[in-house]
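Me: I have a structure open and I would like to learn how to read it. Could you take me through it one feature at a time?

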Amino acid sequence: MEILSQLILNGVMAGALYALMALGFNLIYGVTRFFNLAHGVLAAIGGYAFFTLSKMLGLNIYLSVATGVAIAGLAGYGFDRLVYSKLRKRKASNLVLLVASLGVFTTAQAALSIIFTSQFQTLSETAGQEALSVLGGVVTRTQVIIIFSSLASMLGLAALLNGTSFGKAVRAISDDEEVARMVGINTGRVTGYVFFIGSALAGLAGILVGFDTGIQPTMGMGLLLKGVIASIIGGVGNIYGGVLGAFLLGLVENLGIWMIPGEWKDAVSFLLLIVFLVFRPQGIIKR
Amino acid sequence: MTKTDAILKTKGLTKRFDGVRAVDDLSISIAKGKVTSVIGPNGSGKTTLTNVLSGLAEIDGGCVVLHGTVTLKKIRPFDMPSYGMARTFQEVRLFEQMPVIDNVLVVLTERSVFGALFERHGAFHERQAEEALKKVGLWEKRGGLASGLSYGQRKLLEIARVLAVSAGRQMDIIIFDEPFAGLFPKMVKTVSSIIRELRDEGRTVILIEHNMDLIRELSDHVIVMDSGRFLAEGSPAEVLERRDVIEAYLGE
């Protein structure tokens, strides 16, 4: 019984992180219609920005989180301005954009390795941390913070998309980019902002992973894949579906290893993806 | 027409598509506060002209002069509102997965994208949207998705979108690209009274239309295009009687 509640808690934890990745990924996919593979490396950029500010420069931890998130956002915004927007202007196909984003991913990841070496770094001050007991399972303070900041980001994003006229413009572009341009929405600018917001969320996910376990330059791919799987099983381009998908994925992969060794976690995730692709390709919530 | 009357002018305006001059060295003048119809056979460049004016097609030669002072050689689509222009499309395009009212509200967005991050659509915008939707008779449908509307209703929704934008931002020039095609008689009446109302408010309407009865009824001035070039202009009565115009239409 105890192990079951621990697995469920771990699943919710993982789900919260995947949800942050899926939110940004889906938001960007919604307005640009391409799989932005570079989304993964933004988590690493966020993590290393925090590492530099907090560990190397000794800045206040909250200030470092805020700045690290902003740096990840700016990096994503920069990638859009420097690479994707130029390709879109030339009417490049989504396949070209996908390959370009893979290039961005690889380049940025290599840059991180060169600057920070490939060594694994932990971000948290106290490695052990006091553990809290919840429903028979154990969670650390950090993990509680992860869940709450993830939930806060989801609510914040939902408020932005539903409550503001910016949100309406984003939904309009997701619906039909060309029409949005025709009715006078500055689609390039809105897309740039969406890249900032989505990438900032990925950066936050990277920092939180760093608190929970640690960071290394190659951490992006794993997070990206989980974010993408969550998006696909939730319904690509639908941010609420992506959140559901993320928690489903987190729970399934953690409960899936109840009886088998933990290294099969990724296999369980991809099995879930395949099941969805075959039996419900539109995802949980159809766009 | 004196110079000061012209709100929009084109000077030697040219647009090429793969070597074909869709709009060819076109110099026309649109009078302020009037309904000007642009007519011509299919392929005469009317729609290309509207696309160039609204920034959807780049200008290849010549320029557009607005309000007698602003000379434009490059127009970006999202700049249209700031130049005081709004338009409808021959093939209606809506935000299909958004509610009818949001289709109107979205064009009332704050011009600065940064500002829009913090702006809610308040009562003011909702009143503008309500007014526009009531004018075209779609207020009852406001909550449904745009994809659920009939062909005619879709055209009316697009017109409501333009009305809302022009009410909010003092649009001076409104371009209607074949607004009547495929409408029921009752809807035709609604749209023609909207066009008249806009004119009576002092706005300039550019109307692309094929139906000669409607052109006679609505327009103050008619410009005829043929193969991308200027062919003739004048009052509807004059122009529609001219032999060269009739020939261009009949393709003789």
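Reply: Happy to! Keep in mind that this is a predicted model. Let's begin with a loop: Lys91(A) lies between α3 (61-89) and α4 (94-116) of chain A.

Me: What is the phi of Lys91(A) near?

Reply: Phi of Lys91(A) is near 60°, which is a positive value in a residue other than glycine. You will find Asp18(B) in the loop between β1 (6-17) and β2 (20-26) of chain B.

Me: Now the whole of chain A. How many helices and strands does chain A have?

Reply: Chain A has eleven helices and two strands. Along the sequence, the pattern reads α-α-α-α-β-β-α-α-α-α-α-α-α. The radius of gyration of chain A is 19 Å, close to the 19 Å from the globule rule for 287 residues, so chain A is as compact as a globular protein of that length. Its C-alpha trace spans about 60 × 50 × 35 Å along the principal axes, and 52% of the 287 residues of chain A count as buried.

Me: How do α1(A) and α8(A) pack, and at what angle?

Reply: For two helices, look at the angle and the distance between their axes. Helix α1 (residues 2-32) and helix α8 (residues 187-212) of chain A pack at about 165°, with axes 8 Å apart. An angle over 145 degrees counts as roughly antiparallel, and α1(A) and α8(A) are therefore roughly antiparallel to each other. The crossing of α1(A) past α8(A) is left-handed.

Me: Which residues meet there, and of what class?

Reply: In α1(A), the residues include Leu17(A), Leu20(A) and Phe25(A); among those they meet in α8(A) are Val194(A), Phe195(A) and Leu201(A). By class, this contact of α1(A) with α8(A) has 17 nonpolar, five polar and no charged residues.

Me: How many residues of chain B are in contact with chain A?

Reply: The interface can be read by listing the residues on each side. Here 25 residues of chain B are in contact with 20 residues of chain A. On the chain B side, α2 (100-105) and α3 (113-116) each supply at least two residues. That side has 15 nonpolar, three polar and seven charged residues.

Terms used
Residues numbered from 1 in each chain as written. Chains lettered and ligands numbered in written order. Predicted model: local features only at pLDDT ≥ 70, side-chain atom pairs only at ≥ 80, totals over all residues. Helix = DSSP H or I, 4+ residues; strand = E, 2+ residues; numbered from the N terminus. Rg over C-alpha atoms; globule rule 2.2 N^0.38 Å. Buried ≥ 20, exposed ≤ 12 C-beta atoms within 10 Å, placed from the backbone. Contact = placed C-beta atoms within 7 Å. Nonpolar A, V, L, I, M, F, W, Y, C, P; charged D, E, K, R; others polar. Axes fitted to C-alpha atoms, helices over the stretch in contact; angles between N-to-C directions. Parallel < 35°, antiparallel > 145°, perpendicular 65-115°, else oblique. Left-handed = near helix turned anticlockwise from the far one by under 90°.
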